[in-house]
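Please open the structure in your viewer and keep the sequence beside it.

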Amino acid sequence: MEHLWLSAIAIPFSISFLLECLYRRKLNPRLDRWARLLEQAGFIIFTIGVVVFAVKSHTGSPLLLKKSIAWLFFAWSLAAAQTLTYWLYGNRTTSLFVKLWVVLAMLVIPAFRGQEFVDYFSSNLTWLNFHRAVFLLGYAFYLLGLPLAGSFLWKTLIEPLFGRSKDGILERRLEQLDQIHLKVILWALPLLTLGILAKILLLLESEPLVTPAIVARTAMEEFLAIVAWFTSALYLHTRIFLGWQYRRCAYVYIAGLLVVLAAHFSGRLLLQVS
């Protein structure tokens with residue numbers, strides 16, 4: 001049953017990915033329409049499966065939860081962020097990136113064998129509490145900025161070298177990418193803020209006296225959220241107060257993303273209490 005669900009998610013996203021690749025090469029509107037329909041169908045199946053999985057969950061391994069549940073729900077969060085930005089802002093730039101991520105996530109999960117695979121689909125969602133779910137959504141909107149920034153830099157730095165861009169069309173497209181990039185970060189920052197505040201309230205409720213040692217011991221994952229929050233705030237600061245746009249903001253975002261990745265891999269060392 002679990003394999004069928006993962007296949008039901010992976011197949012429409014995979015076909016949609018291939019159709020969109022063909023559309024971007026041949027510019028056939030029918031291919032784009034079918035790609036969008038399959039993408040939406042895949043997201044609906046994904047959402048129904050996640051809800052059913054959550055309702056039927058009872059017992060499981062907390063260690064496995066942290067590795068596999070986060071991977072699954074982050075893929076769903078990316079798909080949700082993509083769907084929302086498409087309906088609100090007409091964002092199709094990030095769709096290939098998201099579909100590829102979802103397909104890879106669905107292919108990695110069935111690689112679990114034996115008891116690990118059984119535990120994965122019988123695990124409860126005690127790890128996935130409110131603030132972690134909000135963090136995953138915030139990270140999803142934050143990561144959507146990567147293909148947007150990449151597309152922006154490609155159109156401004158690479159395409160002119162081959163003479164493929166027309167000034168009027170290029171300017172309108174760059175403005176559209178820049179505005180969508182701003183909007184995904186405007187989604188990411190409040191979500192990260194909400195998750196951090198929820199964690200602070202949870203910590204104050206569970207600990208009568210919050211000391212630096214307690215914060216360091218309990219805030220391993222929150223450290224990453226705080227770093228992402230600061231880089232998002234810096235991005236918005238450069239736009240609002242310094243008036244930066246276009247390529248400068250793309251560079252600020254990429255630098256911030258590199259800092260977040262560095263924090264992800266070094267957070268345990270930085271927060272370790274001797």
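Helices (H or I, at least four residues) and strands (E, at least two) are DSSP runs, numbered from the N terminus. Coloured by these elements, the protein chain reads α-α-α-α-α-α-α-α-α-α along the sequence, with ten helices and zero strands. This is a predicted model, in which local features need pLDDT of at least 70 and side-chain atom pairs count only at pLDDT 80 or more, while totals for chains, interfaces and linings use all residues. Residues are numbered from 1 along each chain as its sequence is written, and side-chain values use heavy atoms, with hydrogens and water left out.

Next, select Phe13, Phe46, Val102, Met106, Tyr139 and Tyr235, which have the most contacts inside the largest nonpolar core, a set of 57 residues. Such a core consists of buried Ala, Val, Leu, Ile, Met, Phe, Trp, Tyr and Cys residues joined through side-chain atoms within 4.5 Å, where buried means under 20% relative accessible area with a 1.4 Å probe, protein chains only. Among the helices that each supply at least two residues of this core are α1 (2–26), α4 (95–108) and α6 (130–162), and α6 gives the most, with 13 residues.

Now centre on Met106: leaving aside its neighbours within four places in sequence, Met106 is in contact (heavy atoms within 4.5 Å) with Leu6, Ile9, Ala10, Phe46 and Leu72.

Finally, return to the whole chain, where 45% of the 274 residues count as buried, and where residues 24 or more positions apart account for 82% of the contacts with a separation of 6 or more.

Methods
Buried < 20%, exposed > 50% of the residue type's maximum accessible area, 1.4 Å probe, protein only.
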